[in-house]
Amino acid sequence: MAYEVPALPYAYDALEPTIDEATMKLHHDKHHQAYVDKANAAISGTDLEGKPVDEVLANLSSLPADQQGPFRNNGGGHANHTLFWESMSPDGGGAPDGDLGAAIDAAFGSFDAFKEQFEANGVGQFGSGWTWLVLDGGELKLTKTANQDSPILEGQTPLLGNDVWEHAYYLNYNNRRPDYLKAWWNVVDWGKVAERYAAAK
Ligand code: MN
């Protein structure tokens with residue numbers, strides 16, 4: 001079955017004022033759709049057609065050589081954005097508790113220190129890309145990727161990612177990427193991140 005853009009689990013305006021309705025509509029309906037269309041084109045007719053996007057990214061070298069680049073960009077875009085929509089909620093914000101909260105404190109010193117480094121990675125990503133919390137060999141790590149590269153390409157499991165492409169924030173925040181990164185914590189669904197952590201570790 002071809003890839004499809006998943007429906008948002010909330011209304012387009014549900015994340016306001018952190019993310020405005022116009023940005024959500026363009027980002028979900030236009031940008032994500034374009035990644036899906038191009039990912040489908042890149043995988044069509046190959047042996048991996050019909051496989052889950054995460055599985056294909058983990059086995060990218062199994063694709064024909066001339067489709068690996070297009071799928072890295074567009075399959076990556078599909079995987080990253082699917083995780084992104086599901087990582088946010090109008091009831092989000094606050095801090096992680098339980099196992100995840102304890103693991104973040106242990107890995108990064110404190111929740112505030114974690115947020116500071118996650119934001120710094122987003123600010124420091126030159127050009128387009130993502131800032132991530134990943135599980136890597138059983139350890140929590142903070143990382144960033146360029147373009148639509150998924151941490152799955154590095155053998156890591158993405159737990160939380162924020163999109164720092166200008167299309168994610170420019171309408172509302174203009175050039176103020178640091179302000180967007182700071183405000184974004186208000187909509188993070190830590191319950192969802194904890195589910196991913198429990199499943200991955
Ligand atoms: Mn995006």
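Reply: The radius of gyration of the protein is 16 Å, which agrees with the value near 17 Å that a compact globule of 201 residues would have. This radius is taken over C-alpha atoms, and the globule rule is 2.2 Å times the number of residues to the power 0.38. The model is predicted, so local features need pLDDT of at least 70 and side-chain atom pairs count only at pLDDT 80 or more, whereas totals for chains, interfaces and linings use all residues. Residues are numbered from 1 along each chain as its sequence is written, and side-chain values use heavy atoms, with hydrogens and water left out.

Along the principal axes, the C-alpha atoms fill a box of roughly 45 × 40 × 30 Å. The protein has eight helices and three strands; these are DSSP runs, numbered from the N terminus, with at least four residues of type H or I for a helix and at least two of type E for a strand. Their order along the sequence is α-α-α-α-α-β-β-β-α-α-α. Of the 201 residues, 48% are buried, where buried means under 20% relative accessible area, exposed means over 50%, and partly exposed lies in between (1.4 Å probe, protein chains only).

Histidine 27 and histidine 81 are both buried.

Glutamine 156 counts as buried because its relative accessibility is 13%. Its side chain makes a polar contact of 3.2 Å with the side chain of aspartate 136. A polar contact is a pair of N or O atoms within 3.5 Å; within protein, one must be able to donate a hydrogen and the other to accept it, and residues adjacent in sequence count only if both atoms are side-chain atoms. Beyond its neighbours within four places in sequence, glutamine 156 is in contact (heavy atoms within 4.5 Å) with Val134, Leu135, Asp136, Thr143 and Pro151.

The loop between E2 and E3 also holds asparagine 147. Its phi is near 55 degrees, a positive value in a residue other than glycine. Most residues other than glycine have a negative phi. Asparagine 147 is partly exposed because its relative accessible area is 40%.

The largest nonpolar core has 39 residues, and Phe114, Leu133, Trp184 and Trp190 have the most contacts inside it. Such a core is a set of buried Ala, Val, Leu, Ile, Met, Phe, Trp, Tyr and Cys residues joined through side-chain atoms within 4.5 Å. Among the elements that give two or more residues to this core are H3, E2 and E3. Strand E1 gives the most, with five residues. Another core, of 15 residues, lies apart from it and includes Ala42, Ile43, Leu60 and Ala79.
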